[in-house]
Amino acid sequence: MASHVIFYLSALLILTAAATTMGSSSSLSPYYYDRVCPEALPAIKRLIEAAVYREPRMGASLLRLHFHDCFVNGCDASVLLDPSPTIDSEKNALANINSARGFEVIDEIKQEVDKVCGRPVVSCADILAVAARDSVVALGGPTWKVLLGRRDSTTASRAKANADIPSPFMDLPALIKNFKNQGLDERDLVALSGGHTIGFAQCFVFRDRIYNETNIDPKFAKARRSTCPRTGSDSNLSPLDPTPAHFDTAYFTNLKMKKGLLHSDQQLFNGGTTDAIVKTYSSNAKAFSADFARSMVKMGNIKPITGKQGEIRFNCRKVNY
């Protein structure tokens, strides 16, 4: 117990010094950890590859965690905080409860990174950002330079999560407005929605679409109904596109054929202003990959905590003190 306390006291002193020397700039940089812990990013990559190998769906889950983090008060790891007397956890928000997953993988990464760095110098917010990139790469998608140097929040907001995370039931104007509120444009909306080229969705979020909507391929709707009845089986999973473990353009091809699984997916190709972007991505994988990478960097730069603000959490699930 004594050695445990000493470790955290020592870590606190080191973090204070690190904040002075490393946190003086408010801008993020892909080279932030090159000097203080060059082993950090290779460790994250190794653990992500192992996690995705064990369960390919985990890649989509970790990408989604970063997305849901950034849309609520910026990319600050607030989504990782457990409920407490002072934390109204975002894990209990409508978009996350019984849905958000991958927290154990982030815990494993945090523990290993602190070990290889010799101290808790890598923020949970940066771990989320790098994990999202490495997950996409592990499933055959593009890579990009992740801007680093975020610090972790000491607060969370379930109310903000409920208000700001885009809903799978949104129409196109609501989606455009939601992304615009985060400084993201229509091309970002379509590119980032392309993250649905990997992963699955639960029955309850697409039930109304497959039973009640008309802009849907009848055979596709019938196939989805086989595992998503009108009542019950809410957590049954269906793939968001035909190749849920491979990052490709099948998601956009599906939209052109009225086979978008979510209402919000099909809204991107439904006679609106984003139709042309969907067409481009469906036939040009390089354009999609390039725009996806660009939009991920842009999203990752939403209101980061830097400098001496926030903290570097010892445990991603709770604030330090």
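Glu49 counts as partly exposed, at 40% relative accessibility. Here buried means under 20% relative accessible area, exposed over 50%, and partly exposed in between, with a 1.4 Å probe and protein chains only. This is a predicted model, in which local features need pLDDT of at least 70, side-chain atom pairs count only at pLDDT 80 or more, and totals for chains, interfaces and linings use all residues. Residues are numbered from 1 along each chain as its sequence is written, and side-chain values use heavy atoms, with hydrogens and water left out.

## Salt bridges

Glu49 forms a salt bridge with Lys45. The term stands for a side-chain nitrogen of Lys or Arg within 4 Å of a carboxyl oxygen of Asp or Glu. Lys45 is partly exposed too, with a relative accessible area of 39%. Helices (H or I, at least four residues) and strands (E, at least two) are DSSP runs, numbered from the N terminus.

By this salt-bridge rule the count comes to 18. Side chains of opposite charge can pair when their charged atoms come close.

| Pair | Closest N to O distance |
|---|---|
| Glu49 and Lys45 | 2.5 Å |
| Asp185 and Lys298 | 3.7 Å |

Take Asp185 and Lys298, which form a salt bridge. Asp185 lies in the loop between helix H7 (172-180) and helix H8 (186-193), and Lys298 in helix H14 (residues 285-300), so the pair ties together parts that are 113 residues apart in sequence. Asp185 is partly exposed at 37%. Lys298 is partly exposed as well, at 31%.

Asp291 is buried, with a relative accessible area of 14%. Arg187 is partly exposed at 34%. Elsewhere, salt bridges that share partners join Asp82, Lys91, Asp107 and Arg317 into one network.

## Two domains

The domain assignment gives domain 1 (39-164) and domain 2 (172-299). Such bounds come from an automatic or database domain assignment. The domain centres, taken over C-alpha atoms, are 22 Å apart. Domain 1 gives 23 residues to the contact and domain 2 gives 19. Contact means heavy atoms within 4.5 Å.

Together the domains bury about 1700 Å², 73% of it on carbon and sulfur atoms. Buried area is the accessible area (1.4 Å probe) that two parts lose on being put together, summed over both. The count of salt bridges between the domains is zero.

On the side of domain 1 that touches domain 2, helix H3 (57-70) and helix H5 (124-138) are the elements that give two or more residues. H3 supplies the largest share, seven residues.

## Positive phi angles

Most residues other than glycine have a negative phi. Ala77 has a positive phi, near 65°. Ala77 lies in the loop between H3 and helix H4 (103-117) and is buried, with a relative accessible area of 0%. Asn98 also has a positive phi, about 55°, although it is not a glycine. The place of Asn98 is in the loop between H3 and H4. Asn98 is exposed, with a relative accessible area of 71%.
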